[in-house]
Amino acid sequence: MKIIELKETITASNDRDAEQLRQELRKKGTLLINLMASPGAGKTTLLERTINDLSSQMNIAVLEADVDSSVDAERVAKAGARAIQVHTGGMCHMDAGMTRNGLEEMGYEGIDLAVLENVGNLICPAEFDTGAGKKVMILSTPEGDDTPLKYPLMFRESDVLIISKTDVMQFFDFSIEKCVERAKKLNPNIIFFPLSSKTGEGFDEWEKWLKDAVKEWKNN
Ligand SMILES: Nc1nc2c(ncn2[C@@H]2O[C@H](COP(=O)(O)OP(=O)(O)O)[C@@H](O)[C@H]2O)c(=O)[nH]1
Ligand SMILES: [Mg+2]
């Protein structure tokens with residue numbers, strides 16, 4: 001009986017597509033960030049505040065991936081970014097081909113920073129390279145500081161860990177120290193930013209990292 005390892009084949013070609021997209025984005029000077037988190041962790045709210053703060057300094061575009069809605073694209077467009085909604089047809093993640101289609105449909109000429117708000121979950125998006133230059137995950141404090149123990153791959157794969165909703169941290173017995181220790185055990189290089197999209201606490205550090213990342217992407 002012949003068995004085809006379909007998952008491996010698909011993943012191998014997705015990796016090639018992703019690498020090609022990444023190189024094209026590099027040539028055009030567009031940093032693509034793959035933003036991943038659970039539903040409700042605060043991805044869109046983080047983007048709204050970030051766009052408000054930075055859209056006078058750089059051209060920002062957002063690709064909103066969702067199974068079936070367009071509320072998030074409307075929110076980020078209102079905040080001042082170019083935006084497009086991508087429906088994944090029931091898929092729980094975006095792959096490189098879908099990301100390319102979304103970017104090309106939207107048009108990203110002259111865009112310095114493109115953010116892909118990936119489908120909300122901590123499992124499938126971690127497994128697929130989208131062609132992004134940086135991977136950023138959000139963990140909100142109500143989800144618990146033991147989340148790295150439950151979804152290790154997401155923490156291993158991410159360059160940046162945003163710990164969101166620090167304004168309500170005390171109600172959830174969330175320890176930043178414990179969370180970071182657990183995340184660093186999985187990924188010693190992970191950079192972390194505790195912040196609140198409600199109060200703006202911690203945004204200076206996050207936005208400085210973002211601005212530096214955009215500059216570095218263009219210069220390399
Ligand atoms: N208290 C608090 N609530 C937040 C924060 N960020 C987002 N929220 C709330 O969390 C809910 C989900 O946020 P949203 O950005 O839509 O999450 P997404 O599904 O990850 O895009 C909304 O009711 C937001 O107002 C935060 O930093 N602090
Ligand atoms: Mg959202």
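## Strand pairing and ligand shell in a predicted model

In strand 3, histidine 87 is the bridge partner of aspartate 66. Strand 2 (residues 60-66) and strand 3 are joined by six bridges and pair in the parallel sense.

These two strands belong to an open sheet of seven strands, arranged in the order 3-2-4-1-5-6-7 with parallel pairing. At its edges lie strand 3 (82-87) and strand 7 (191-194), each of which pairs on one side only. From one strand to the next, the twist averages 20°.

| Strand pair | Sense | Bridges | One bridge pair |
|---|---|---|---|
| Strand 2 and strand 3 | parallel | six | aspartate 66 and histidine 87 |
| Strand 5 and strand 6 | parallel | five | serine 140 and serine 164 |
| Strand 6 and strand 7 | parallel | four | valine 160 and isoleucine 191 |

Strand 5 (residues 134-140) is joined to strand 6 by five bridges, and the bridge partner of serine 140 in strand 6 is serine 164. Four bridges join strand 6 to strand 7, where isoleucine 191 is the bridge partner of valine 160. Between these two strands the chain passes through helix 8 (residues 176-186), and this β-α-β crossover from strand 6 to strand 7 is right-handed.

Four of the five residues of strand 6 are buried, so the strand is largely enclosed by the rest of the structure.

Ligand 1 has 16 residues around it, and those that come nearest are Gly42, Lys43, Thr44, Thr45 and Ser197. Helix 2 (residues 43-54) contributes three residues to this shell, the most of any element. By type, the residues of the shell around ligand 1 are four nonpolar, eight polar and four charged.

For the protein as a whole, the secondary structure comes to nine helices and seven strands. Its radius of gyration is 17 Å, close to the 17 Å given by the globule rule for 220 residues, so the protein is as compact as a globular protein of that length. The C-alpha trace spans about 50 × 50 × 35 Å along its principal axes. Of the 220 residues in the protein, 44% are buried.

Note on methods
Residues are numbered from 1 along each chain as its sequence is written. Chains are lettered from A and ligands numbered from 1 in the order in which they are written. This is a predicted model: local features need pLDDT of at least 70, side-chain atom pairs count only at pLDDT 80 or more; totals for chains, interfaces and linings use all residues. Two strands pair if DSSP finds at least two bridges between them. Axes are lines fitted to C-alpha atoms, for helices over the stretch in contact, and angles run from 0 to 180 degrees between N-to-C directions. A residue is buried if 20 or more other C-beta atoms lie within 10 Å of its own, exposed if 12 or fewer, and partly exposed in between; C-beta atoms are placed from the backbone. A crossover is right-handed if, with the strands pointing away from the viewer, the path from the first strand over the helix to the second runs clockwise. A residue is near a molecule or strand if its C-beta atom, placed from the backbone, lies within 6 Å of it. Ala, Val, Leu, Ile, Met, Phe, Trp, Tyr, Cys and Pro count as nonpolar, Asp, Glu, Lys and Arg as charged, and the others, Gly among them, as polar. The radius of gyration is taken over C-alpha atoms; the globule rule is 2.2 Å times the number of residues to the power 0.38.
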